[in-house]
Amino acid sequence: MENQQVIEVIEAFFQRKKEPGLEKIVKEAVKICGEKIAKSSESQEIKDQVKALLDSKKPKEQSTLNNIQEKYTQLLNLSYQNPVFLSDVKSDTAKSILALDEKFSPNHWLVDASNKASGVVLDVTHISKLTHSSAKASNFNALVFGTQQPKTLLITANFTGKIPIDFAYSTAEYAPIAEFLQLDCAGQMLGKILCNNPAALKPFAQNDAQLQQWQEQFSLAFNEKNKSSHILAKQVYFPLTSATSYHLLTPLTSSSLAQIIYDRIWEARRKDTPVNKARAEKTFSSEVVRSFHRTAVLKTTQTNHQNVSNLNGKRAGQLILLPTIPPQWQTQTKPPIHLKTLFNKQLAAQAKEPLAELKNLLLAIKANKLSVNLQRKQLIHSHLIEIANVVFDYASQIQGLKHHMGWSEESQLPAHQQYWLDPLRPDEEFQAAKATLDWSSDVVVDFSKWINRHIKHKQLTLGAAHEKQWQKLFTPLLREFNALAEADLEISTREDKA
C-alpha cells in the first residue's frame, strides 16, 4: 500500500477522534451563549430568535457537529445590543478548541501512543485474563503455528477459514492506541505496515530518529519480548516418559474460539430470523433450525469487560459453556426370561403417575361420598387407558425382539403371557396352542389384579368388583392392541421375505 494512502487513513483517524471532543466544546458554548442572551437581552424578539434557534432540529443530511457549529456562529452573529458580553465565551471556546487540536496533533498523539504501546497486545487468539481478570501472563496467537497442523486437538489454529482476532490492553485508556494500530489500510493492518515500513509516518515525525523510535515501540504491541506466566494463571503438570520428568503447561482460553461460539449461538437464538419466526408462527420453512440446549454462561468480569480484551467487551464479559455431561444411559430391552410375571413392581414403577391419579380419584370419591356418575366414569376410564398404554408400550418392545424369538422356551412366565409376548416363537405346538386357547382373557385377569395391588390403600376396599371393572375396561383395549400387533407382524414378515 502506498504511503499516501496510509497517511490519508491516519489523518481520517485523527479527525474522527477529534470530532466528539469538538462537538462537546461547541455544544457547551451554544448552551452558555443562549443562557446569557436570554438573561441579559431586553429585546423579546432576540430572545424568541435564540429560543427558535436552540429548539430547531438538525436536518437529516447534516452532521451533528456541523449543525451545532452553525448554531454557534448564528448566535454570535445576532444583532445583540451587547456583543462584548459574549467575548469571554468566544475566548474560552477558542482555547478549548486549541487544546483539543494540540491533543490530537499527529506528532503529539503518536509520541504519547508509542510510549504506551507496550501496554497493548494485538493480533492474538488467546487471552490470559479470561482465566483470571487480574492475571498478568502473556497473551498468545495460536495461528503462528499455521493451520496445517495435525488436527488431533481442538485448538484455534485448527480452524479452517478466517477467525476473529482479539486484542487486549492493560487499561481501557489504551483502547485508542489499539484502534489506531488496527486501522484497515486496503486489507492490511496499519500496525503491521508501520513495523515493516516506518516511513509511512514520516510526514508526522520530527526526524528519522523519532521514526525509528516509533517503529520499535509500536512493534512491542505485536511482538512481546519476553513471554511470561503469572501466579494467577493455571498450570498443568504433563508427565513425560521419565517418572521424574514433566512439562509445565499453561492452558489459555481462546477468545477467538469463544467469539465464534458466542456469535453462532446468539445468531441461532435471534427471534427475528426467518427460520425462528416460522417456528414461532408454526409455519413451514426450508431452513434448518439450530438449537443449543443446556448452555451456561461464565462471567469473566462483572464490569469493565473491555479491560480484558476487545472481543470480551463485545461479549459483555460472557463465555458461553456447552454441556459436557456424560451421555444418558439408555436401557436396552431384554427378553424377560427370569420374570415370573410381566405385571410386577418394575412395570408399576413405569406407570407410577397414572396409577397414583387413579388411586387419588377413588379416594376422593369415597371421602366425599360421591356417586360414580358419567363424568367420573370417564375420568376412571381415561386413567386406565394411560396405565394400559404403559403396559402396551413395554409389551410391544418385547414383541419386537426379533433376534430373540423363541426366548419364552426358557422363560418362567405363565403360558398365556408367553403366547402374548413371544408371537414369533418357532414352535408349531406353541403356535397351535396360541391360536386355539383363550389366553388373552388370562392376561386381562393378570392386569386387573395388578391394578388392585398397586392402588391399594387402607381407606379403599378393593376386591372382585373392582377387578371386574378393570377387566371390562381393559378387554377392548387389549383386543385392539393385539389386532394392531398382528397386522404389524404380518407386514414385517412380508417385508423380511421380500
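Arg-269 lies over the face of Trp-266, 5.4 Å from the ring centre; a charge counts as over a ring if NZ of Lys or CZ of Arg is within 6 Å of the ring centre and within 35 degrees of the ring normal. The model is predicted, so local features need pLDDT of at least 70 and side-chain atom pairs pLDDT 80 or more, while totals for chains, interfaces and linings use all residues. Residues are numbered from 1 along each chain as its sequence is written, and side-chain values use heavy atoms, without hydrogens and water.

A search of the whole structure finds 17 aromatic pairs. Rings of Phe, Tyr and Trp (its six-membered ring) pair if their centres lie within 6.5 Å; planes under 30 degrees apart are stacked, over 60 edge-to-face, and the rest tilted. The table gives two of these pairs.

| Pair | Type | Centre to centre | Between planes |
|---|---|---|---|
| Phe-13 and Phe-180 | tilted | 5.3 Å | 55° |
| Phe-14 and Trp-109 | edge-to-face | 5.4 Å | 75° |

Phe-13 lies in helix α1 and Phe-180 in helix α6 (residues 175-181), so their pair ties together parts 167 residues apart in sequence. Helices are DSSP runs (H or I, at least four residues), numbered from the N terminus. Phe-14 is also in α1 and Trp-109 is in helix α5 (residues 106-116), so this pair joins parts 95 residues apart in sequence. Both Phe-14 and Trp-109 are buried, meaning under 20% relative accessible area with a 1.4 Å probe, protein chains only.

A kink of about 30° lies at Glu-19 in α1, shortly before Pro-20; the bend is the angle between axes fitted to the seven residues ending there and the seven starting there.

Methods
Helices (H or I, at least four residues) and strands (E, at least two) are DSSP runs, numbered from the N terminus. Buried means under 20% relative accessible area, exposed over 50%, partly exposed in between (1.4 Å probe, protein chains only).
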